[in-house]
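Me: I've got a new structure open and I'd like to learn how to read it. Could you walk me through it, feature by feature?

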Amino acid sequence: MADRAALEDLVRVQGERVRGLKQQKASAEQIEEEVAKLLKLKAQLGPDEGKPKFVLKTPKETLTGKYGEDSKLIYDLKDQGGELLSLRYDLTVPFARYLAMNKLTNIKRYHIAKVYRRDNPAMTRGRYREFYQCDFDIAGQFDPMLPDAECLKIMCEILSSLQIGDFLVKVNDRRILDGMFAICGVSDSKFRTICSSVDKLDKVSWEEVKNEMVGEKGLAPEVADRIGDYVQQHGGVSLVEQLLQDPKLSQNKQALEGLGDLKLLFEYLTLFGIADKISFDLSLARGLDYYTGVIYEAVLLQPPARAGEEPLGVGSVAAGGRYDGLVGMFDPKGRKVPCVGLSIGVERIFSIVEQRLEALEEKVRTTETQVLVASAQKKLLEERLKLISELWDAGIKAELLYKKNPKLLNQLQYCEETGIPLVAIIGEQELKDGVIKLRSVASREEVDVRREDLVEEIKRRTSQPLCIC
């Protein structure tokens, strides 16, 4: 080992010598001579058997066959070995793979992360190629509709607390859709592609959807008409009960199971106090192939802006459903773990909030800073640093401008631009009096606060929770 260590030192020294000659722009002959010596030393060193070899392997692509016609929006890649890979399309499929790989059968979790879609961006509608999703999922074997009802309760709580306007959550069931297609005469091979067409009913008219199904997807006109009789219906639990009495739909086993679960779901939603936010909508199809039961999608009922303003066309802001078979696709033995979850479109929410604030001519607050420590005269940097340190130690979110002698006007303008609500101003007179001048940026009111009382006064004034509405 000692001989090898000495040889490694010689290789290192010779390598440095070669690099030095190159930097000095020595003659080609001299460099070649030293390189030859380096190669000879390396040959004597031989292969290093003692060091571990690390092979970094990118995980295989796992997204194929999970998203139906939306698969065209997946970013496909190839690694250097030619293996097919993809950027993640959503957080649901990676979550299912995680459950299968770790043999988990029961978990409740949330996850916020980036996903990618090969789509045409529309900034005003909150549609991007790279964006964040916030997911919540419940995995495990439980009694019917209890986890599903909780997911819908969470979705309603989130959207209500964001105060982005009135919303409606549409619900349906893939089993009802499949049963409906079957009794209407759609062949099994066309179920998913017709499902994708029906899902467009929230954007285009029934006539346009029918033309697509007949003209582009080869569906018989009379079959399309039978589908139209169903998918244009929406309502509450009364519609569920009506369809349970439908002479054809009630004879289909899948549809009957779905309708039974929806009836139970509405009972739980009533107990949760959110049934008025839910609509049973037979046009909701959610084209992702992994859904197996209840599906839902939240849409805004009206634009959160003043009357007369242009509507905010951001589409759905949250969606989800039950996917009982997805984990089994990744398990070597095909073991299934029932799952249900929801996904919130973070950028779409931001788009709504930003447009609403613009319509109301309000500025977007871009910081959580509670107070800016400012000075009214020059040569007060040390005093600003002392004060901001006191505020930081007390848990106050404070900042200052990174200038020795900033102008007071510039400091006040910075607060207005970023939305900092308070300014703690130090001046020569304030230092003599043992006070700090606390200024409200919104009202421009100024009061003198004793230095020992400053922390409590800032906390009192900024104790109201932040609201993005």
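**Reading the model step by step**

Reply: Helices (H or I, at least four residues) and strands (E, at least two) are DSSP runs, numbered from the N terminus. This is a predicted model, where local features need pLDDT of at least 70 and side-chain atom pairs count only at pLDDT 80 or more, while totals for chains, interfaces and linings use all residues. Residues are numbered from 1 along each chain as its sequence is written, and side-chain values use heavy atoms, with hydrogens and water left out.

Me: Is Glu-297 buried or exposed?

Reply: Buried means under 20% relative accessible area, exposed over 50%, and partly exposed in between (1.4 Å probe, protein chains only). Glu-297 has 9% relative accessibility, so it counts as buried.

Me: Which residues does Glu-297 touch?

Reply: A contact means heavy atoms within 4.5 Å. Not counting residues up to four places away in sequence, Glu-297 touches Leu-168, Val-169, Lys-170, Asp-202, Leu-284, Arg-286, Ser-316, Ala-318 and Ala-319.

Me: How do I read the sheet, and what is the order of its strands?

Reply: Strands of a sheet pair through backbone hydrogen bonds, either parallel or antiparallel. Here, two strands pair if DSSP finds at least two bridges between them. This open sheet has eight strands in the order E3-E4-E10-E9-E8-E5-E7-E6, with mixed pairing. E3 and strand E6 (234-235) stand at the edges with a single partner strand each, so one side of each has no neighbour in the sheet.

Me: How many bridges join E9 to E10?

Reply: Five bridges join them, and the two strands run antiparallel. You can look up one of the pairs: Ala-319 has Ser-343 in E10 as its bridge partner.

Me: What about helices? How far does H12 reach?

Reply: The expected span of a helix is 1.5 Å times one less than its number of residues. Helix H12 (residues 346-359) has 14 residues and reaches 20 Å from its first C-alpha to its last, close to the 20 Å expected. Its buried residues include Val-346, Ile-349, Ile-352 and Leu-357. Among the elements covering the buried residues of H12 are helix H4 (146-162) and strand E10 (339-345).

Me: Which residues have the most contacts inside the largest nonpolar core?

Reply: A nonpolar core is a set of buried Ala, Val, Leu, Ile, Met, Phe, Trp, Tyr and Cys residues joined through side-chain atoms within 4.5 Å. The largest one has 79 residues, and those with the most contacts inside it are Val-169, Val-171, Phe-181, Val-198, Ile-227, Phe-280 and Tyr-296. H4 gives the most to this core, with seven residues. Apart from it lies another core of 17 residues, among them Val-371 and Ile-426.

Me: Which residues does UniProt list under "binding site"?

Reply: UniProt positions are given in the numbering used here, feature names are shortened, and annotations may be inferred rather than shown by experiment. The unreviewed UniProt entry lists Asp-90, Leu-91, Thr-92, Arg-117, Gln-133, Asp-137, Arg-286, Tyr-290 and Tyr-291. Take Thr-92: its place is in helix H3 (residues 92-101), and at 9% relative accessibility Thr-92 counts as buried. Arg-117 lies in the loop between strand E3 (107-116) and strand E4 (130-139). Arg-117 is buried too, with a relative accessible area of 15%.
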